[in-house]
Amino acid sequence: MKSWYVVFQSFFPSWKFFDDAGSEIRLSVRVGPSEIELGGWVNCLTPIPRTIKTIFINPQGAYLHAARNLVTRLSFEISDGDENRPEKIVEKTTYKIVKNLVRYQIADLKLASAPFYYQFRLSVSSMEHLSRDADHILMSSVYES
Amino acid sequence: MQTEPHIVLQLIARLLAVLSVIQGVEFLRLSSVTGSQGVWRWADIESEFTNASVVTKQILRFLLKDRHFFYLNLFRIFIATAVLVSPQPVLLTILLLIHLATLLRWLGNFNGGSDYLTSILLLFTSLGLYFSDSKMPVISLWYITFQVLFSYFKAGWLKLKTRNWQNGLAIREFLNSPAYEKIQIFDRLTKSSTINTFNSWVVIAFEVLFPLSLVNKDLALIFMMAGLLFHLINAYVFGLNRFIFTWLAGYPAIYWCSLR
C-alpha cells in the first residue's frame, strides 16, 4: 500500500533537488542464445537526451527519468529488505517492473532477437569515483525471453 | 494592480491546463511502455492494491488498465483544453483526480518534484475557485506562494550546506553524469574549478534568495525572469521539461502576493 502513501505524500514534498551527487545506480544486462552463452554486460538505460527540440515536450526524457526512479526505488527496497532472505526481492512489484524494463530495453536497443536468455544486475558507484569498481547490489537469475 | 484573487487563480488554472496538455501528450507517446507488453503493466501494478476495496480496485482498473490509461490521457487533454477556454473548478478537480490516478499508475515514481507541485497547485487552485466569495482564494494564493518559494529556498539551503556544492564539485558531477547525453561544451566548461564554483554559487544564491521576491513587485519580476531562464536551462541540461510550466504556474501567485 506504499502507492497510496505516495499520493498522500505528494501534497507534502521534501523539496530536495540535486542536493548531493551521491551515487550512480546502474542497470546492466547481458544477453545470449543460451543460459551459458551470455555476452558482456551493457548499460540497459540510454542517457537522457539533451536537445533544444525536447525543451517543452520530452516523452523519451520523461520515460528515462521514470525508469531511473524505478531502478533507484528497487535499490532502496534491496537495502531495506530482509538480509537473511534476499530472494524475497523477486516477489516485489518493483522487481517485476524492472524485469519488464530490462526486456523492453533489450528489444528497444535491439540487443537480441527472440528467443534469448538474459540476466541483469544493479550496481552502485560513487559519483566521485565512477571509474572505480561498482558495488553489485543485485544479480538476477538468468531468464528466458 | 488591484487584480481580484480569483482572476489570478484563473490564470494559474490556464497555465496548469497547458501543463496538463503536455503531460497528456507525453503519456500518449509513451503508451507502449504502459501497455500489456510494456514496462509498467497493469497486471503487475494491480498487485499493489490487493488490500483495497473491491469498488476501489474496479475503479482503478477501469481508469488505469493498459489501453484505458491511453484513453484517460486523451480525456485529460480534452479537459485541459476546456480549462483553457473556461477555468471552472470542477474541471480542475477532474484534472487533479486524473493526476493522482496517474501517480498511482506509475507507483509515484514518474516526475518527482513537478508531480508534487502539480498536486498542490491543482488542489489549491480548485479550492480557491470553488469558494471564490470567501477568504479561500487569498489563502490559496498565499499557500501556493509559500510552497513555490519554499521549494527554491529549501533546495538552495541544502546545497549551501553541502561541501561539494560550495566547492563546485557537485555541479561538475551532475553536468557530466552518465545518466545524461554527453555534451562537449560541458566537458570543457567543467574543467575549470573557478567556473564550477562560480556556477554553483549562482545557483545557490538564486535559490536561497528567491523568497525576496515578496519584498516588492520589481524584485518579484526579476526573480521570475531568472526562474524562467533557470527552468529552461534545466529542461535542456537535465530533461526536466515539466518543471517549466509547473513552476511557471505558481508565478502569478507570487506576483500577486508581492503587491500586498
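A crossing of two helices is called left-handed if the near helix is turned anticlockwise from the far one by less than a right angle, and right-handed if it is turned clockwise. With that in mind, and remembering that this is a predicted model, the reader can turn to chain A, where α2(A) passes α3(A) in a left-handed crossing.

Helix α2 of chain A spans residues 59-80 and helix α3 of chain A spans residues 93-108, and their axes come within 10 Å of each other, crossing at roughly 140 degrees. Because of this angle, α2(A) counts as oblique to α3(A). On the side of α2(A), the residues that meet the other helix are A67(A), L70(A), V71(A), R73(A), L74(A) and E77(A), while α3(A) brings T94(A), Y95(A), I97(A), V98(A) and L101(A) to the contact. Divided by class, the residues of this contact between α2(A) and α3(A) are 8 nonpolar, 1 polar and 2 charged.

In chain B the view widens to domains, for the domain assignment gives domain 1 as residues 1-115 and domain 2 as residues 135-260. The centres of these two domains of chain B, taken over C-alpha atoms, are separated by 26 Å, and 17 residues of domain 1 are in contact with 14 residues of domain 2. On the side of domain 1 of chain B that touches domain 2, α1 (5-29) and α7 (113-130) of chain B each supply at least two residues, and α1(B) gives the most, with 12 residues. That side of domain 1 of chain B has 11 nonpolar and 6 polar residues, and no charged residues.

Conventions
Residues are numbered from 1 along each chain as its sequence is written. Chains are lettered from A and ligands numbered from 1 in the order in which they are written. This is a predicted model: local features need pLDDT of at least 70, side-chain atom pairs count only at pLDDT 80 or more; totals for chains, interfaces and linings use all residues. Axes are lines fitted to C-alpha atoms, for helices over the stretch in contact, and angles run from 0 to 180 degrees between N-to-C directions. Helices (H or I, at least four residues) and strands (E, at least two) are DSSP runs, numbered from the N terminus. Angles under 35 degrees count as roughly parallel, over 145 as roughly antiparallel, 65 to 115 as roughly perpendicular and the rest as oblique. Two residues are in contact if their C-beta atoms, placed from the backbone, lie within 7 Å. Ala, Val, Leu, Ile, Met, Phe, Trp, Tyr, Cys and Pro count as nonpolar, Asp, Glu, Lys and Arg as charged, and the others, Gly among them, as polar. Domain bounds come from an automatic or database domain assignment.
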